[in-house]
Amino acid sequence: MVRKFLKFLYILTVYLVLYIPLIVAIVLSFSNSEISDTWNGFTTKWYSNLFSNSDLLQAAIRSIILATMSACLSTVVGTITAIALHRYKFIGQKVVYSSLSVIMMSPEIVQGISLVVMFIVLGVPLGFTTLLLSHTVFCFPYVTMTVLARLKGFDKQLIEAASDLGATDVDIVRKILIPLIIPAVFAGWLMSFTLSIDDVVISYFVGDKSFEILPLKIYSMVQTGIKPDVNALCAVLFFVTFFAVILSYKLLKIKK
Amino acid sequence: MHKTPDSFCRTAVLYFIFIWLGVMVFAPNLLVLLASFLTKDAEWYLRLPLNLQNYVALTDTALLEIIVKSFSLSIATTVFCLLVGYPFTCIIARISKDYRILFLMLIIVPFWTNSLVRNYALISILSKDGFINTILLKIGLIKSPLVLLNTNFAVFVGMCYTLLPFMILPLYAVLEKIDRSVIEAARDLGAGSAEVFFKITIPLSFSGIVAGCIMVFLPALTLFYVSDILGGADISVLGTIIRNKFTVDKDWPIGAAISVSLTVFMLLLLKLYFKSGNTVEEERQLW
């Protein structure tokens with residue numbers, strides 16, 4: 001009994017510590033002070049400020065657009081890669097496979113500078129395109145790995161049977177593989193979205209003022225002090241994502 | 001092996017994958033490798049001749065000092081995350097299946113607010129009149145407020161806070177798979193709790209431990225924004241140096257040399273990881 005209680009206490013403490021900064025950030029969005037590091041009485045003015053401060057809101061919208069697009073692109077690229085790795089045997093398969101783990105493990109800063117060096121050498125102007133490509137590159141391995149894990153769990157004979165009965169590759173993908181891997185694809189998409197929307201380091205290198213996304217906007221404010229309207233924005237975004245995920249989880253459950 | 005009814009599809013898909021990886025992964029990294037042997041140029045960033053000067057520059061004492069500092073911080077962060085994360089994950093992995101996912105989701109949820117803002121919120125916890133000092137003063141443990149902000153300690157707190165989930169998730173993936181009957185069998189045969197832990201649980205979860213440590217250690221070397229927000233003017237992480245070389249000093253070759261060294265270091269760690277007998281996709285399954 002005592003052991004159980006101690007375990008419970010331990011878990012609770014860890015969660016508490018993980019959530020305190022989050023809670024503090026949300027609480028400070030109601031603080032009546034100019035810079036969001038002290039409490040100075042209750043106000044909701046930052047929320048009304050936020051919805052009139054089109055700059056900040058626009059950066060958030062850009063972030064959401066970028067994360068949605070790069071998550072979709074990563075999902076397509078990642079799923080194709082997973083299916084190819086699973087279905088085909090080809091020269092360089094091992095190289096493809098291990099480069100995926102290298103991408104996932106390599107520090108963001110290494111990826112960021114290598115991508116920006118390439119973009120500059122190739123003369124690609126920094127902005128939306130470079131952000132989209134870079135985010136896709138660092139997210140797609142997560143989709144591949146999730147989908148691949150799912151593919152490994154099912155019977156290969158299913159495909160062989162379909163193949164024997166005259167199904168083409170396209171048929172097999174459409175009628176067998178896609179329905180099977182949908183949950184994994186969805187999980188991969190969500191993962192990519194989460195990674196993309198919170199990325200600071202890679203965006204810092206490949207991003208540009210021409211398409212200023214939220215993390216870059218906030219990063220540029222850090223030096224002078226973040227105002228509580230940023231906290232307000234984050235609180236809004238947090239609750240929106242939170243309910244979106246709960247909703248999709250419920251929907252998936254109903255479908256099952 | 002299957003026969004491929006339409007090999008056109010196969011060829012197209014494989015070309016696509018190779019071109020994608022070639023252009024977006026191999027080419028950029030090769031360029032950085034090349035850059036690390038070139039010379040700085042004010043106008044074009046890089047120029048010939050090839051030389052090893054940039055790698056020699058890594059042994060500069062001022063730089064070495066920061067490297068040592070950054071590595072110590074990284075080691076401290078990794079050890080802390082492992083010590084806190086391992087027991088935590090052990091407990092989570094044994095909760096009944098219905099609730100496990102919920103507990104795991106609760107780890108990921110904080111990621112949905114911007115990590116800059118979350119680290120910024122730590123300022124109001126660590127500052128002179130912040131939560132920690134207020135509480136400590138009230139209960140009379142200290143007489144005057146402690147200086148916590150803009151110290152290495154603050155950066156350490158920020159790193160641990162930001163990276164703890166990256167330790168927990170890979171650990172969870174392996175700990176969840178451990179067959180309870182193995183542990184029960186050991187118990188029946190007379191093994192004590194300590195023996196079960198050191199001889200069964202730890203060896204069976206070793207690949208997760210290695211994966212988690214890599215995923216905490218490397219970012220802890222490079223997350224410059226944590227140091228920017230919490231560490232004050234002092235440079236405490238290697239990432240800040242790399243960033244400054246690229247954006248402030250416009251000295252690509254040295255920045256590239258540091259980055260290449262970091263990549264080599266990572267590859268060595270990855271080798272250790274693959275030796276520890278697991279594949280990355282296993283620890284990724286839960287995503």
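Predicted model: local features only at pLDDT ≥ 70, side-chain atom pairs only at ≥ 80, totals over all residues.
**Notebook: the A–B contact and its salt bridges**

Chain A and chain B bury about 8,000 Å² between them, with 79% of that on carbon and sulfur atoms. The contact takes 87 residues from chain A and 86 residues from chain B.

**Charge across the contact**

How many salt bridges run between chain A and chain B? I found a count of one. B:Arg118 pairs with A:Asp198, and the closest N and O atoms are 3.7 Å apart. B:Arg118 sits in helix α5 (residues 115-126) of chain B, and A:Asp198 is in the loop between α8 (169-197) and α9 (201-206) of chain A, so the pair joins two chains. Buried or exposed, I asked of B:Arg118? B:Arg118 is buried, at a relative accessible area of 5%. A:Asp198 is buried too, at 11%.

**Salt bridges inside chain A**

In one of them, the side chains of A:Lys217 and A:Asp55 meet at 3.1 Å, N to O. This pair links distant parts of the chain, with A:Lys217 in helix α10 (residues 214-222) and A:Asp55 in helix α3 (residues 54-87), 162 residues apart. A:Lys217 is buried at 13% relative accessible area, while A:Asp55 counts as partly exposed at 44%.

Next I checked A:Glu212, whose side chain meets that of A:Lys209 in a salt bridge of 3.4 Å, N to O. A:Glu212 is buried, with a relative accessible area of 14%; A:Lys209 counts as exposed at 65%. Salt bridges with shared partners tie A:Asp55, A:Lys209, A:Glu212 and A:Lys217 into one network.

**A:Ser31**

I also looked up A:Ser31, found in the loop between α1 (2-28) and α2 (45-52) of chain A. A:Ser31 has 0% relative accessibility, so it counts as buried, the cut-off being under 20%. What does A:Ser31 touch, leaving out residues up to four places away in sequence? My list reads A:Thr38, A:Trp39, A:Asn40, A:Gly41, A:Thr43, A:Trp46 and A:Pro228.

**Chain B overall**

I count 14 helices and two strands in chain B. Of its 287 residues, 53% count as buried. Chain B exposes about 13,600 Å², and carbon and sulfur atoms supply 69% of that. Its side chains include 22 positive and 19 negative ones, with the centres of the two sets 2 Å apart.

Definitions and conventions
Residues numbered from 1 in each chain as written. Chains lettered and ligands numbered in written order. Heavy atoms only, no water. Helix = DSSP H or I, 4+ residues; strand = E, 2+ residues; numbered from the N terminus. Buried < 20%, exposed > 50% of the residue type's maximum accessible area, 1.4 Å probe, protein only. Areas by Shrake-Rupley, 256 points an atom, 1.4 Å probe, with all protein chains shown as cover. Lys, Arg positive; Asp, Glu negative; His and termini not counted. Charge placed at Lys NZ, Arg CZ, Asp CG, Glu CD. Contact = heavy atoms within 4.5 Å. Buried area = accessible area lost by both parts, 1.4 Å probe. Salt bridge = Lys/Arg side-chain N within 4 Å of Asp/Glu carboxyl O.
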